[in-house]
Amino acid sequence: MIPNTMKAMVLTGHGDVDKLEYQDVSVPAPGPGEVLVQVTATAKNNTDRKAREGLYPTKKGEMTSFQMGGKPTLVFPRIQGADIAGRVVAVGDGVDESRIGERGLLDFNIYANDRRDINLTPDYFGHGADGGYAEYVALPSDQFHHIPNAELADAEVASMGMCSYQTAMHMLTSANISAGERVLVTGASGGVGTALIQLCRIMGAIPYALSKQDKASALLELGAEAVLDRSDMDSFVDRVKAETGGKPIDAVMDLVGGEMTDVFIDIMIFDMNARSTYPRLSIAGASGGNISEILWTRIYLYQVQIFGVSHGTREEAEQLMAWIRGGQLKPVLHGAFKLSDLHRAETYFVNRGSNYLGKIVIVPDSQWEEHGQPWSLESAR
Ligand SMILES: NC(=O)c1ccc[n+]([C@@H]2O[C@H](COP(=O)([O-])OP(=O)(O)OC[C@H]3O[C@@H](n4cnc5c(N)ncnc54)[C@H](OP(=O)(O)O)[C@@H]3O)[C@@H](O)[C@H]2O)c1
């Protein structure tokens, strides 16, 4: 029996966590072509905080969020949460009732059209439409992908959400990464970084992780060829050479930016004769800062190809879902918080310390015992 109201964490405006209010709101009705999903776990992403704080600034420095289609799509009140796992409990017109009961994972994009190969105005559930920080959510049926795998718990399914995995895949496909290439992954322990390491291995590329020493063994286990410590960037080129046998890195997948980006170019261009392809830099994040100083001459003289990446395409999401179903991708789940405790989860996420790898998931209180308790971070500070 589907109730009329539900618990949700509602974002009421730009600002601190106090803008997130735990409220009773109406359960949405699935429209034509939609499914109503009972949420069991939603993975947290950086973008929740950035959108809340209005950290996608315009050139004038206005507090805002995505407006690729020409106008801002984040309006208040809004329920955030992009990477949603759950069960179909009702269907809208045109959707087969056989889908009721199906466990699935959302392709989080709000696509502007039906194109499968390009996504020019990336927007997403939890931003331009309500997302998963609630007990129920209405979603396009063709973007809620069936993940039947009994070996995966719902929290683990959510941890493989497309915000990280599709972005990682699009970083690699944009840079045309091929088998045998050496790829540096920055921010390697995060959601996108852990996805990149796994995807490099699926594609036959060799991922080198930039991270911190306490996470090295977990990253090696995940598939990293070697882990380079980011707390000491002196003589980085020499340290890379020591790991690659003197060969340059073919491409860098950069999630960090800031002061480090210029050094990332060094490790690709120190021996152009040893290369057989152009140096490539895919950029999808700015965890280390929004401004980087790069010498223009080095970009054009060394023919460094730079790709800006935001989200990805329907085709890529479908390929990733197939890899999840096929067991090629592994969940990297750090832990779970209750939906009512989202303020604390946000603080924990920002201040996270050592040994943190992968994703946090948020589980509705009504689903906690089954889907959250086994990974509980409820006592964490
Ligand atoms: N373009 C898109 O569509 C898209 C999609 C998803 C995410 N993003 C962005 O991509 C970035 C990574 O996302 P994520 O979800 O993977 O984030 P995450 O889970 O928070 O991981 C970020 C990682 O970056 C590293 N890091 C953090 N602060 C750093 C600093 N000051 N200097 C160097 N490294 C630092 C840390 O890894 P180590 O300790 O291992 O170095 C951290 O675990 C974020 O900026 C996010 O907003 C963009």
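**Ligand surroundings and the domain interface**

A polar atom in the side chain of threonine 167 sits 3.4 Å from an oxygen atom of the ligand. The model behind this value is a predicted one. Serine 189 also takes part, with an N or O atom of its side chain 2.7 Å from a ligand oxygen atom. Glycine 191 contributes through its backbone instead: a polar backbone atom there is 3.0 Å from an oxygen atom of the ligand. On its own, the ligand has 910 Å² of accessible area, and the protein covers 86% of this. In total, 26 residues surround the ligand. The closest are Ser189, Ser211, Lys215, Arg230 and Arg352.

Turning to the overall layout, the domain assignment of the protein gives two entries. Domain 1 is made up of residues 5-160 together with 331-375, while domain 2 covers residues 165-308. The C-alpha centres of domain 1 and domain 2 are 29 Å apart.

The two domains do meet: 13 residues of domain 1 are in contact with 12 residues of domain 2. Between them, domain 1 and domain 2 bury about 970 Å², with 54% of that area on carbon and sulfur atoms. On the domain 1 side, the residues touching domain 2 comprise six nonpolar, five polar and two charged ones. As for specific pairings, three residue pairs are in polar contact between domain 1 and domain 2, counting pairs with both residues at pLDDT 80 or more.

Technical notes: Residues numbered from 1 in each chain as written. Predicted model: local features only at pLDDT ≥ 70, side-chain atom pairs only at ≥ 80, totals over all residues. Heavy atoms only, no water. Domains from an automatic or database assignment. Contact = heavy atoms within 4.5 Å. Buried area = accessible area lost by both parts, 1.4 Å probe. Polar contact = N/O pair within 3.5 Å; in protein donor to acceptor, adjacent residues only side chain to side chain. Nonpolar A, V, L, I, M, F, W, Y, C, P; charged D, E, K, R; others polar. Near = heavy atom within 4 Å. Areas by Shrake-Rupley, 256 points an atom, 1.4 Å probe, with all protein chains shown as cover.
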